[in-house]
Amino acid sequence: MKAFPSKLFTFLSVTLAIIGSSFVAAQEPHEMTAVFINEHPREEIELFWVTPDRAEDDPERFIFKAKIAPRGGAHIAQTFQFHEFAYRHEGKTHYVSVDRPNANDEQVIVINGSNEDIRVRCDLTINSGQGNDALDIVVKPYWAPRGAARFLELVRMGYYDGVVFNRVVPKFLTQFGIGADYETRTRVREYTIWDDFHTVAFEPGFISYAGSGPDSRAAEIFIVMPGASQEQLARFGENDWEVPFGFVEGDLENGPLTKIYSGYGDMPPWGKGAMQYRLAYCRADKASSFFLAK
């Protein structure tokens, strides 16, 4: 497991204990902080400040700001709302506008070239350890950039290896994220992240953080189970911290999601729960498994 905490954790968690939590949409351009995270699996990204009153072929239109390492490298820029940045990937210039700061005047922008998806493989046991299977998770950084970046960083550091599916309720949710290593999970819990904006409604298979209040997301994740009622789907997301950042791909009804042992039921007081029963091992594939989606 990687050393903890990483620079990205610091970026994602900075000054949370001091600054408030509610999201607002600013009415006028003002100074803000932009956190650029490069989630491309292999390529370093060069970030440029765009000078808006310069022509496309003017060498002073693009002012170099930083080189951002792949696989979670980050750069913090002080800027103002609605300003544009740019980066080049595979011969194409991508423009990024910092137009949606939160109440802390900060916005996370995920850079991933022409790709919108990042795939994570979760190897797990099923049927109470009687078999093995895999979940294919599609991470959508643009749905919830802060949450997606945090999840990918945890996967890369091996945090989810050996975690237990400690809350499995058919037609409701499956939850995991209590790290197998006590010291590591204790430190991770100290680095909660600000909430993302709500961008998509919940559907079966969607993945989100569990939390205990505004800006409380740390590491625990839940997956919406197939068969969840429309009433229940509507209730997901009522809390600020419940924002989808990806989904499980494939046949939900007949896939491994419905074969995870559910005998312990819901957490107390609704059920017995399961805090120590070892059921699954989640890990991201190496960079070769991250591919450009169309």
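Arginine 167 touches Phe172, Leu173, Thr174, Gln175, Gly265, Asp266 and Met267, leaving out residues up to four places away in sequence. That's one spot in a predicted model, and arginine 167 sits in strand 10.

**The chain overall**

- The protein chain has 4 helices and 14 strands.
- Of its 294 residues, 54% are buried.
- Take the contacts between residues at least 6 apart in sequence: 69% of them join residues at least 24 apart.
- The chain exposes about 14000 Å², and carbon and sulfur atoms supply 50% of that area.

- The mean pLDDT of the chain is 83, with 81% of the residues at 70 or more.
- Over residues 14-26 pLDDT stays under 50, and the model has 24 contacts beyond four places in sequence for them.
- Residues 275-294 also stay under 50, and here the model has 62 contacts beyond four places in sequence.
- Where pLDDT is low, the predicted coordinates should not be read in detail.

- Strand 12 and strand 14 (residues 246-249) are antiparallel partners over 2 bridges, and phenylalanine 206 has phenylalanine 247 in strand 14 as its bridge partner.
- Strand 12 is also joined to strand 13, by 3 bridges, and the two run antiparallel. Which residue in strand 13 is the bridge partner of tyrosine 209? That would be isoleucine 221.
- Strand 13 pairs antiparallel with strand 11 (residues 173-176) too, over 4 bridges; threonine 174 stands opposite isoleucine 223 there.
- In a regular strand the side chains alternate between the two faces of the sheet. You can see this in strand 13: Ile221 and Ile223 point one way, Phe222 and Val224 point the other way, and all are buried.

- Strand 1 (residues 31-38) pairs antiparallel with strand 4 over 8 bridges, and glutamate 31 stands opposite phenylalanine 80 in strand 4.

**The nonpolar cores**

- In soluble globular proteins, nonpolar side chains tend to be buried together.
- The largest nonpolar core here has 34 residues, and the ones with the most contacts inside it are Ile137, Val139, Phe151, Tyr160, Ile221 and Phe245.
- Elements giving two or more residues to this core include strand 8 (118-126), strand 9 (131-139) and helix 2 (145-156), along with strand 10 (165-169), strand 12 (206-209) and strand 13 (221-224).
- There's a second, separate core of 14 residues, with Met32, Leu47, Phe85 and Val96 among them.
- Back to isoleucine 221: beyond its neighbours within four places in sequence, its contacts include Phe151, Tyr160, Ile207, Tyr209 and Phe245.

- Why does arginine 167 count as buried? Because its relative accessibility is 11%, and the cut-off for buried is under 20%.
- Glutamate 39 is in the loop between strand 1 and strand 2 (45-50).
- Glutamate 39 counts as buried as well, because its relative accessibility is 2%.
- Leaving out residues up to four places away in sequence, glutamate 39 touches Arg71, Gly72, Val110, Ile111, Asn112, Ile118, Ala149, Leu152 and Arg156.

Definitions and conventions
Residues are numbered from 1 along each chain as its sequence is written. This is a predicted model: local features need pLDDT of at least 70, side-chain atom pairs count only at pLDDT 80 or more; totals for chains, interfaces and linings use all residues. Side-chain values use heavy atoms; hydrogens and water are left out. Buried means under 20% relative accessible area, exposed over 50%, partly exposed in between (1.4 Å probe, protein chains only). Contact means heavy atoms within 4.5 Å. Accessible areas come from the Shrake-Rupley method with a 1.4 Å probe; for residues, only the protein chains shown count as cover. A nonpolar core is a set of buried Ala, Val, Leu, Ile, Met, Phe, Trp, Tyr and Cys residues joined through side-chain atoms within 4.5 Å. Two strands pair if DSSP finds at least two bridges between them. pLDDT is the predictor's confidence in each residue, from 0 to 100.
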